[in-house]
Protein chains: 2
Amino acid sequence: MAATQLQTFKAQFFRALAHPVRIKILEILIGGDRSVQELQASLGLEQPVVSQQLSVLRNQGIVTSQKFGLSVRYALRDPAIEELLDVARRIFNNHLVGTGVMLRELRREARRG
Amino acid sequence: MAATQLQTFKAQFFRALAHPVRIKILEILIGGDRSVQELQASLGLEQPVVSQQLSVLRNQGIVTSQKFGLSVRYALRDPAIEELLDVARRIFNNHLVGTGVMLRELRREARRG
DNA sequence: TTGCTATATACATATATTCATATAATCACT
DNA sequence: AGTGATTATATGAATATATGTATATAGCAA
């Protein structure tokens, strides 16, 4: 049996996560909803870059957006996204860690929960 | 703070999952290790295609390979991969499902466990 | 060595993503 | 209507990924 429509859909979902800036955005949003401005400040990136990456996450239904006056606040659509990133971190932690830098970063993350 | 090395690494990991054939391969490997031949038969794809996708998974340390005579058997390096796919499925199930076809496929998967 | 099988890699081309920059749209306020 | 602030989209060049086909490598058997 070849790959189905569902597998294609799952692949698209994972592709939406396949970018360092988008990962970082999700990690920030785990702490609660944020405006584009706030995200931009946390990320230290140009505004269009942030909006572009947000649109990728929005198109896959991973985040939701809501207007409040001038600003737009983004949030995780599903708290299970945090769980997903946790499982991913466990996998890295178990096996995939090569360099000392990354190992240190991982441990810092783990301590923060 | 911009994206770190660790976030880049995570992004690469998710990119390795971002392909329907690779998703399908992982789902097969959840059932136990398989030779390239067996995978090829299950997938109904040309041999080079299967090897190419396996090499992506291998390079990210998601699967391991071991030679037995002529054949090479592949396996999940970490059982938590199954957990990761489960969480992903829960996320789809909660929110991301549009068409009836996919919903039916999802439910079939859920029933199988 | 030769031949056969299983697997991996190389290569070319098509397609998709990224990144930076420019521009547009939306809203609030005067 | 006009202005400033916030966010979104368009565009093009650079880069990366996917796909299909050809070829290479490795092991086994005769």
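How far is a sugar or linking oxygen of DNA strand C from an N or O atom in the side chain of A:K67? The distance is 3.3 Å. The model is predicted, so that local features need pLDDT of at least 70 and side-chain atom pairs count only at pLDDT 80 or more, whereas totals for chains, interfaces and linings use all residues. Residues are numbered from 1 along each chain as its sequence is written, chains are lettered from A and ligands numbered from 1 in the order in which they are written, and side-chain values use heavy atoms, with hydrogens and water left out.

DNA strand C is surrounded by 20 residues, a residue being near a strand if one of its heavy atoms lies within 4 Å of it. The closest are A:Q52, A:L70, B:Q47, B:Q52 and B:Y74. Of the atoms of DNA strand C that come within 4 Å of the protein, 57% belong to sugar and phosphate. Helices (H or I, at least four residues) and strands (E, at least two) are DSSP runs, numbered from the N terminus. The largest share, five residues, comes from α4(B).

Around DNA strand D there are 20 residues, of which A:Q47, A:Q52, A:Y74, B:R15 and B:H19 come nearest. Sugar and phosphate make up 57% of the atoms of DNA strand D within 4 Å of the protein. A base nitrogen of DNA strand D is 2.8 Å from an N or O atom in the side chain of A:Q47. Phosphate oxygens of DNA strand D lie 2.8 Å from a polar backbone atom of A:Q37 and 3.2 Å from a polar backbone atom of A:V72. Here α4(A) provides the largest share of the surface, five residues.

Within the protein, helix α2 (residues 20-30) of chain B has eight of its eleven residues buried, that is, under 20% relative accessible area (1.4 Å probe, protein chains only). Among them are B:V21, B:I23 and B:L26. The helix is followed by B:G32, with a positive phi near 130°.

B:F14 touches residues of chain A (heavy atoms within 4.5 Å), including A:F14, A:L17 and A:I23.

Notes. Polar contact = N/O pair within 3.5 Å; in protein donor to acceptor, adjacent residues only side chain to side chain. Buried < 20%, exposed > 50% of the residue type's maximum accessible area, 1.4 Å probe, protein only. Lists of a residue's contacts leave out its neighbours within four places in sequence.
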